[in-house]
Amino acid sequence: SYTSQICINCEKGNHRLGLDKSEWLDVREWDCPNCGTHLDRDINAAQVILKKGLATQ
Ligand SMILES: [Zn+2]
């Protein structure tokens, strides 16, 4: 999964949505298919990056 498709709450990827890359770019908000959390795509992606420490590597 792309970083932006990993849920900050449960850290599962949301590949169940089945979107290709261009379709995903149009998605602003999504509901995690695993835990049901409603997420803003960009805010969630930033949180995932911070949580995993990717920004410091
Ligand atoms: Zn989740």
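**A tetrahedral zinc site and its surroundings**

The zinc ion sits in a tetrahedral arrangement, because its four donor atoms subtend angles of 107 to 116 degrees. Four donors are called tetrahedral here if all angles lie between 85 and 135 degrees. As a handy reference, the ideal angle for four tetrahedral donors at a metal is 109.5 degrees. The model is a predicted one, in which local features need pLDDT of at least 70 and side-chain atom pairs count only at pLDDT 80 or more, while totals for chains, interfaces and linings use all residues. Residues are numbered from 1 along each chain as its sequence is written, and side-chain values use heavy atoms, with hydrogens and water left out.

The zinc ligands are the SG atoms of C7, C10, C32 and C35, at 2.3 to 2.4 Å from the ion. Donors are N, O and S atoms within 2.8 Å of the metal (3.2 Å for Na, K and Ca); water is not among the atoms, so sites may look incomplete. Along the sequence, the spacing of the donor residues reads C-x2-C-x21-C-x2-C. Distant parts of the chain are linked in this way: C10 belongs to the segment before helix 1 (21-24), and C32, 22 residues apart from C10, to the loop between strand 1 (29-31) and strand 2 (38-40). Helices (H or I, at least four residues) and strands (E, at least two) are DSSP runs, numbered from the N terminus. C32 counts as buried because its relative accessibility is 4%. Buried means under 20% relative accessible area, exposed over 50%, and partly exposed in between (1.4 Å probe, protein chains only).

Turning to the aromatic side chains, the count comes to one pair. This pair is formed by W24 and W30, and it is edge-to-face, with 5.9 Å centre to centre and 65 degrees between the planes. For such pairs, rings of Phe, Tyr and Trp (its six-membered ring) must have centres within 6.5 Å; planes under 30 degrees apart count as stacked, over 60 as edge-to-face and the rest as tilted. W24 is buried, at 3% relative accessibility, and W30 is buried as well, at 3%.

Charged side chains come next. Side chains of opposite charge can pair when their charged atoms come close. Four salt bridges are found in a search of the whole structure, a salt bridge being a side-chain nitrogen of Lys or Arg within 4 Å of a carboxyl oxygen of Asp or Glu. One of them joins K51 to E11 at 3.0 Å, N to O. K51 lies in helix 2 (residues 41-52) and E11 in the segment before helix 1, so this contact ties together parts that are 40 residues apart in sequence. K51 is partly exposed, with a relative accessible area of 48%, and E11 is also partly exposed, at 40%.

E11 forms a salt bridge with K52 too, the closest N and O atoms being 3.6 Å apart. Since K52 lies in helix 2, this pair ties together parts that are 41 residues apart in sequence. K52 is partly exposed, at 40% relative accessibility. A salt bridge also links D42 and R28, whose closest N and O atoms are 3.2 Å apart. D42 lies in helix 2 and R28 in the loop between helix 1 and strand 1, so the two tie together parts that are 14 residues apart in sequence. D42 counts as partly exposed, at 40% relative accessibility. Through shared partners, salt bridges join E11, K51 and K52 into one network.

The backbone of E11 deserves a brief note: phi of E11 is near 65 degrees, a positive value in a residue other than glycine.

Methods: Tetrahedral: all angles 85-135°; square planar, octahedral: opposite > 155°, others 65-115°.
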